[in-house]
Amino acid sequence: MNYSREYVNSRLRNSKGTGKKITSRIILHVLKIIFLSLVLAVVIAGGFALGTVKGIIDTSPEPETLNVTPLGIASSIYDAEGNLTETLIQSGSNRDPVAYSEFPEDLINAFVAIEDERFWTHEGVDIRGMLRSTASLLLSGHLNGGASTITQQLIKNNFFDGGREKGWGARFIRKFQEQYLAMRLDQEVSKEDILSSYLNSINLGQNCLGVQVAAQRYFRKDVHDLTLSECAAIAGITQNPYHYNPITFPEENAVRRLSVLNHMLDQEYITQDEYDEAIADTDALYARIQENNLIIKENAVPYTYFTDAVITAVLRDLQEVLGYSESDAFTLLYSGGLNIYTTQNPEFQKILDEEVNNPANYPADAFQWTFTYQVNATLADGRTVTYTHNTLKRTLDISSLLYDSKEEIEALIDQFKKTIFSDKDVIADEKITYTVQPQLSAIILDHRTGQVLAVTGGRGEKTTSRSLNRATNTYRSPGSTFKPISTFAPAIEERGLTLATVIEDIPFTYNGTTIRNWWSSDLWMGNCNARQALIYSMNVVSARVFLNTVGIETGFEYLENFGISSLVHSKEVGGKIYTDLGPALSIGAMTDGANLLDVTGAYATIANKGAYIEPTFYTKVTDHDGNLLLSKEQETRRVISESTAFLLTSAMSDSMKESIPFKGTYLTPSSSNAALNNIPASGKSGTSTDGAGKSRDYWFVGFTRYYTMGVWSGFDDGGISLTGNVTENAYHKDVWRETMNRIHEDLPVLGFVVPENVTTARICSISGKLAVPGVCDKDPNCQIYSEYFTKDTVPTQECDVHIMVRMCRGTNCEATPYCTNTYDKLYYNMPMPEVVTLDSEYIYRAGVSPALCPIHNESTLPTPPVIYDENGYPVIYDEHGNIIPREIPPPETSTEDPE
């Protein structure tokens, strides 16, 4: 091989020439490949883009199904007379749509001028506006004016949830669909309808959605009454409802308002004179807004107790009846534009509120106070802290927040602040809320329909919505209000008890539980009948009937049928089993207690002739378009017969009457001070006590032919007992009486109707049998009266308890046959009880009570002379001094022949 220098160089030269040719060919091929690749990429990208666009369009909703009507609309509550009483507003639902004809021309022009000047001419998307905004972004780095038209904004706000999606991809898809739908919507819907939907839904700050709500919030007028100056201020809010809020940022809104007026002038919507007039109104405008804001704040009130109860009832029924989740039910109630038609009687509600808060109905010491407290502060070291009344209790080592005056509370708070803060600490704000004690709640029902006509959940000022409603959400022991429904209703209905049935009031213990009366423990009444047990609210007699006649389980079932919803069959708490299936249930001893609504509903059942109707706060609920969602077609459930209901009504009506004390004691009817002026009424009181016998809860529930009303009173802290004059004053009955008197003022006087199967008989209260004239009526402790009975339970036997015993006047002992000066005295023919009762002194025990006369006997009488009768025989007397007839034999006759 020749590897000389010349050869190598020659080959190198030849190879270079050949390499240039090869290189040129390679470059040409590469360029061809690149070009073809670019063409292919363009084709693929274009196809992809077209596919993407087509996919976006295909997944867009059709304009026919597109609902741009505002979805979040406040719900309205109406009373029974159709008056609007409350508007339920959630953020995003405070709308009050009005017709297009209600919008003033200046308002329409203001929004179009500042938001979409070519609104009337473009086809849903403003191409010129988009190009202008794009050029501004490329040249200056920021947008100069928005590119979205009013139509696009409407679709974004009401269909795309305001454009809250995350990520540029999602935003791109939404924006493209928004533009597509805007063009389609513009073809299908008139400009006026688009603008109307927009103006009725746009966010205008202060939780105002739509121009009508904004007009009311800022200027306290309807939208059609707005001036040009006011229209410009409202239109200026739209771009940034927070930043341009005319209440919180009036200066910023003023700048934006000026821009609106300038646009209107430039686009010849207004004249120079109109422009100048609006400019001149600037200071006065913002002064009006601030003044109106103060008025609205001063007039702002929380929901009433009735509204609170309605909200609870509708939320429950949306879930239980229509199957909504809790979250969806809440959203629908507060932003679904519902119309809720309630049962509230506005006049009754006014009367009830007045009487519950009338100081004249309460003793002086029924005005104590509890409080809640919160203080926010910045400490000297820069830390921010929040302290509450619980902090105060721990710091000052106090156990109760109950005081006789607000001044005492203020002094206590001052002491706390001096203890907890230094001079260098800065208090930002503090809030004290006072609550008068004891509290009281009340409910009025129409027992014929189950409709709640009025309710108040507490005394004093209501400071917050959805606060504690003591009429529906406070559960306490109902005391003796349970006696008619747990005991005497089932006893009469199923066990043959009559109001004349006699039960002994003597010591009673059941399975280790001793039942006590509410009066002195050493006073026992002896024989009492069922009517008296209800009139005088006798615990022991009621318990004996409940346990010996009715049975615990039967009584429990009756309470459930009467609508008591808080009964406990059995539950475990802290390893301990609790149940209401116990002997004290007859007098209201419960694990969780009962609420006033349930107990009042139970008494409404008696008033409704034994038929239960679940109490309701509303009649129907419709959606924004008037379609029926919920309807209260109340079902009736028979609990007791009409005759049993009447017998209970009759007995309880006597508890509200003035009468002589029972058997000469201090016991008087338990509810006489609840008696109404002219209208016959029936009712029962109830009291719960603590371990020391002090009262904790007061109840009274009663009814007339027209209405049923219940009242509860006690401390919010169930561990506090009523003391002082409060325990001696029946103020809860005063509230009941005064309220019922007023709501019955103009009604005809109607008594309770006696059922056809009920008759009367005069009975003796000691025996429960038919009274014996001249005997039973000689007993001062016995009541001879006409009692009601069902026709199949009328007594047929006469009283066998009262007996007349012959007494010696000389010794006041039972007369012997030798007592000549005697009189008759009444005694009871019954066994002697184990303890001394009011009957004991009257119980006859032969030779013991009373004792036989110790003086007049055979040895003390002189020997009488022998007296002979006309036949010559001596006269013989019996032990009572009566002549014993002598049998005279006939004269003897001869059988012999006379000859």
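User: What should I know before I start?

Analyst: Residues are numbered from 1 along each chain as its sequence is written, and side-chain values use heavy atoms, with hydrogens and water left out. The model is predicted, so local features need pLDDT of at least 70 and side-chain atom pairs count only at pLDDT 80 or more, while totals for chains, interfaces and linings use all residues.

User: How many helices and strands does the protein chain have?

Analyst: Helices (H or I, at least four residues) and strands (E, at least two) are DSSP runs, numbered from the N terminus. Here the protein chain has 23 helices and 25 strands.

User: What share of the residues counts as buried?

Analyst: Buried means under 20% relative accessible area, exposed means over 50%, and partly exposed lies in between, using a 1.4 Å probe and protein chains only. Of the 899 residues in the protein chain, 47% count as buried.

User: Why is helix α2 described as largely enclosed by the rest of the structure?

Analyst: Helix α2 covers residues 105-115, and nine of its eleven residues are buried, so it is largely enclosed. Among the buried ones are Phe 111, Ala 113 and Glu 115.

User: Which residues does Thr 238 touch?

Analyst: Contact means heavy atoms within 4.5 Å. Leaving out residues up to four places away in sequence, Thr 238 touches Phe 111, Glu 115, Gln 153, Tyr 198, Ile 202, Asn 203 and Leu 204. Two of these names, Phe 111 and Glu 115, are also among the buried residues of α2. Thr 238 itself is in the loop between α8 (228-235) and α9 (250-266), and is buried, with a relative accessible area of 9%. A polar atom of the Thr 238 side chain lies 3.2 Å from the backbone oxygen of Ala 235.

User: Is Asp 266 buried or exposed?

Analyst: Asp 266 belongs to helix α9 and is exposed, at 64% relative accessible area. Asp 266 and Ala 113 are 153 residues apart in sequence, yet their C-alpha atoms are 9.0 Å apart in space.

User: How many disulfides are there?

Analyst: A disulfide is a pair of cysteine sulfur atoms within 2.5 Å. A search of the whole structure finds zero. Take Cys 819: the nearest cysteine sulfur belongs to Cys 853 and is 3.5 Å away, and Cys 819 is in no disulfide. Cys 819 counts as buried at 9% relative accessibility.

User: What should I look for in the backbone?

Analyst: Most residues other than glycine have a negative phi, and most peptide bonds are trans. In this model, a cis peptide bond joins Gln 437 and Pro 438, with omega about -5 degrees. Pro 438 sits in the loop between β6 (426-437) and β7 (439-446). Another cis peptide bond joins Ser 849 and Pro 850, with omega about 0 degrees.

User: Where is Glu 268, and what is its phi?

Analyst: Glu 268 is in the loop between α9 and α10 (272-280). Its phi is positive, about 60 degrees, although Glu 268 is not a glycine. Glu 268 is exposed, with a relative accessible area of 71%.

User: Where is Gln 206?

Analyst: Gln 206 lies in the loop between α6 (191-199) and α7 (211-219). Phi of Gln 206 is also positive, near 55 degrees, and Gln 206 counts as partly exposed at 30% relative accessibility.

Note on methods: A polar contact is a pair of N or O atoms within 3.5 Å; within protein, one must be able to donate a hydrogen and the other to accept it, and residues adjacent in sequence count only if both atoms are side-chain atoms.
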